[in-house]
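Open the model in your viewer and keep the selection tool ready. We will go from one selection to the next.

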Amino acid sequence: MSDVFTVAPEEVSPERDAVLALLGIPAGTQLGDRIERLYTHALGVLGETIAPRGLIAEIEGGAFDAVYAGDGKNAPETPVALVAPRAEHRALFAVTLGEPLSRAVAECFTGADFALGYTLDAMASVAADAAAAVAERRFARTLRERGWATADGAVLRYSPGYCGWDITGQRRLFAALQPGAIGLTLNDSCLMQPLKSVSGVLLAGPRTIHKFPPTFDCCARCAERTCRDRLATLFAGAAH
Ligand code: SF4
């Protein structure tokens, strides 16, 4: 199965508190008039430039193992190495918000409009994450339509550059997925262009396969600890 899709901009509308958090502003803060106008301006630019697209391609376990091995630079123990062998289905994926939005962010900085640039960049990061969540839901729906009936089944995403999966893993992932179909390329530093994009693997199985203690070597250097929020959401019943 290989699935190219577009995403309605409303589906990735950035959640306000998540944007504020990236800007270092506590959730629920009442913004002053000037900052509120800046926020509204950034939302307008986002709406004019965003063009989310995605690609999902199912992959067999052995083929994924070869993708995951990458250039041999992964940490010895990682969440993906633990979860992938227990997954019932897996797919490579990539989503992007499109080149015009990334260009708009870059133009803010080259034009020294840093306030707008930082705000728009934060909104785009939250929207890109929302687009990746769309890919999770889409793969789960496809599997269920095909008869996947695992009780408590859940699909979660894992990406190169995080949790011990070395960023150079993007090379084999791109070679296998071919996300040029949605306008994505990889540069020599393994950064995606457009920048506001997410790629990785979608792993499907009983939700318990995604549960692990954050005790890998990489966890000692991890400030974000995003796995805690993901697990909390998963076991609160909001899984896909
Ligand atoms: S603590 Fe950080 S590095 Fe460790 S699994 Fe969680 S998100 Fe990944």
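Predicted model: local features only at pLDDT ≥ 70, side-chain atom pairs only at ≥ 80, totals over all residues.

Residues are numbered from 1 along each chain as its sequence is written.

Now select Tyr 39, Ala 42, Val 45 and Leu 46 in α2. They are buried (20 or more such atoms within 10 Å). Look down the axis of α2: its buried residues fall within an arc of 125 degrees, so they line one face. The arc takes the directions from the helix axis to the C-beta atoms.

What do the buried residues of α2 pack against? Show α5 (99-110) and α6 (114-145). Then pick Val 45, Leu 46 and Thr 49 in α2, which meet Pro 100, Leu 101 and Ala 104 in α5 (contact: C-beta atoms, placed from the backbone, within 7 Å). This contact holds five nonpolar residues, one polar and no charged. Nonpolar means Ala, Val, Leu, Ile, Met, Phe, Trp, Tyr, Cys and Pro; charged means Asp, Glu, Lys and Arg; the others, Gly among them, are polar.

Last, select the ligand. Around it are Pro 79, Cys 163, Pro 214, Phe 216, Cys 218, Cys 219, Cys 222, Arg 225, Thr 226 and Cys 227, each with its C-beta atom, placed from the backbone, within 6 Å. This shell has eight nonpolar residues, one polar and one charged.

Technical notes: Buried ≥ 20, exposed ≤ 12 C-beta atoms within 10 Å, placed from the backbone. Helix = DSSP H or I, 4+ residues; strand = E, 2+ residues; numbered from the N terminus. Contact = placed C-beta atoms within 7 Å.
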